[in-house]
Amino acid sequence: MSIAPVWFISHGAPDLVLRDQPATRFLKQLRLEGARGLVVISAHWFSRSELQINVEPSPALMYDFYGFPEPLYQIRWPATSPQWLQEAVSDQLLLAGLPSTPVRRELDHGVWSPLSLMDPDSELPLVQIAIPASFTPAQLWQLGEALQGLREQGIGILASGAITHNLRALGPDGSPVPQWASQFARWLEQTMAEGDRGALEDYRARAPGAVESHPHDDHLRPLFVALGAAGADRPRKLHDSWDYGSLYMGAYQFG
């Protein structure tokens, strides 16, 4: 069995699924090949301290946003989370000394928004795990390393977040890209390509535009899990575009 890939997807605003944007068109044509199941890490599910795993077998969708067009709240997507996949993930975490707590919950839009475009018929089963809020970038990287063994079982890792995420800096479509956003995106891509783990874990102090790009780091945190799960694999850029002026919609595959 071949080693399953790791993906990082910038999921953008919730209404991306309704709009005709470059990132929307990209996600519609992207297929998550090389995996028989997915572990999903989203910027929108944090636990207090312990690792949590969603064991709901047929999770419904969470509409964890407000003020968007009504059709967005009518979207349905038939996700499945079978027991064999849940057990594979929990066993792998336990093997790494990271026991997980089972919970039942709906899928947040960081999961269903991009996946409903990439896998509209929900052919790939998935399991979502939470990000402990107390984890540092180094600990998130280690969490990703703990998931590496799943790739050998044909289970891919999908991290969903944002390369830049400053909601106060959003502008109308076609707005010029702020310098701090473009500088940060370039630095991050170059540093990932170089495999400089120390710089990436210390990005907030080292990267230009880091604080402006992430006033809060919730949307970048899934990237560290992806980097840990990727091991020695370097990123291959799948897509780059800008939305609402300052949202960089970078997407990458490792392996």
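Leaving aside its neighbours within four places in sequence, which residues is Ser-213 in contact with? They are Thr-164, His-165, Asn-166, Trp-180, Ala-181 and Phe-184. Contact here means heavy atoms within 4.5 Å.

This is a predicted model, in which local features need pLDDT of at least 70, side-chain atom pairs count only at pLDDT 80 or more, and totals for chains, interfaces and linings use all residues. Residues are numbered from 1 along each chain as its sequence is written, and side-chain values use heavy atoms, with hydrogens and water left out.

## The whole chain

The protein chain has nine helices and 10 strands. Its radius of gyration is 17 Å, close to the 18 Å from the globule rule for 255 residues, so the chain is as compact as a globular protein of that length. That radius is taken over C-alpha atoms, and the globule rule is 2.2 Å times the number of residues to the power 0.38. Helices (H or I, at least four residues) and strands (E, at least two) are DSSP runs, numbered from the N terminus. Along the principal axes, the C-alpha atoms fill a box of roughly 45 × 45 × 35 Å.

Of the 255 residues, 57% count as buried. Buried means under 20% relative accessible area, exposed means over 50%, and partly exposed lies in between (1.4 Å probe, protein chains only). Take the contacts with a separation of 6 or more: residues 24 or more positions apart account for 82% of them.

The accessible surface comes to about 10,700 Å², and 51% of it belongs to carbon and sulfur atoms. Such areas come from the Shrake-Rupley method with a 1.4 Å probe; for residues, only the protein chains shown count as cover. The chain carries 19 positive and 28 negative side chains, and the centres of the two sets lie 2 Å apart. Lys and Arg count as positive and Asp and Glu as negative, while His and the chain ends are not counted. Each charge is placed at NZ of Lys, CZ of Arg, CG of Asp or CD of Glu.

In soluble globular proteins, nonpolar side chains tend to be buried together. A nonpolar core is a set of buried Ala, Val, Leu, Ile, Met, Phe, Trp, Tyr and Cys residues joined through side-chain atoms within 4.5 Å. The largest core has 45 residues. Val-39, Ile-41, Val-89, Leu-147, Leu-188, Met-192 and Leu-227 touch the most other members. Helix H9 (residues 221–230) gives the most to this core, with seven residues. A second, separate core has 32 residues, including Ala-4, Ala-23, Val-111 and Leu-124.

What does Met-192 touch, not counting residues up to four places away in sequence? The list is Leu-200, Leu-223, Leu-227, Arg-234, Pro-235, Tyr-252 and Phe-254.

## An enclosed helix

Is H3 largely enclosed or open? In H3, 10 of the 10 residues are buried, so the helix is largely enclosed by the rest of the structure. Among them are Trp-112, Pro-114 and Met-118. The buried residues of H3 pack against strand S1 (6–10), H1, strand S2 (37–47), S5 and strand S6 (155–161).

H1 (residues 22–29) holds Thr-24. Thr-24 touches Leu-117, as well as Leu-16 and Arg-19, not counting residues up to four places away in sequence. Leu-117 is one of the buried residues of H3.

Ser-122 lies in the loop between helix H3 (109–118) and strand S5 (126–132). Its phi is near 50 degrees, a positive value in a residue other than glycine. Tyr-244, in the loop between strand S8 (242–243) and strand S9 (247–248), also has phi near 50 degrees.

| Residue | Relative accessibility | State |
|---|---|---|
| Ser-122 | 7% | buried |
| Thr-24 | 2% | buried |
| Ser-213 | 0% | buried |
| Glu-189 | 18% | buried |
| Glu-50 | 30% | partly exposed |

Ser-213 sits in helix H8 (residues 210–213). Ser-213 and Gly-195 are 18 residues apart in sequence and 21 Å apart in space, C-alpha to C-alpha.

Glu-189 belongs to helix H5 (residues 179–194). Beyond four places in sequence, Glu-189 is in contact with Lys-237, Tyr-248 and Tyr-252. From Glu-189 to Tyr-252 there are 63 residues in sequence and 9.7 Å in space, C-alpha to C-alpha.

Glu-50 is in the loop between S2 and strand S3 (51–54). Leaving aside neighbours within four places in sequence, Glu-50 is in contact with Thr-101 and Pro-132. Glu-50 and Ala-133 are 83 residues apart in sequence and 8.8 Å apart in space, C-alpha to C-alpha.
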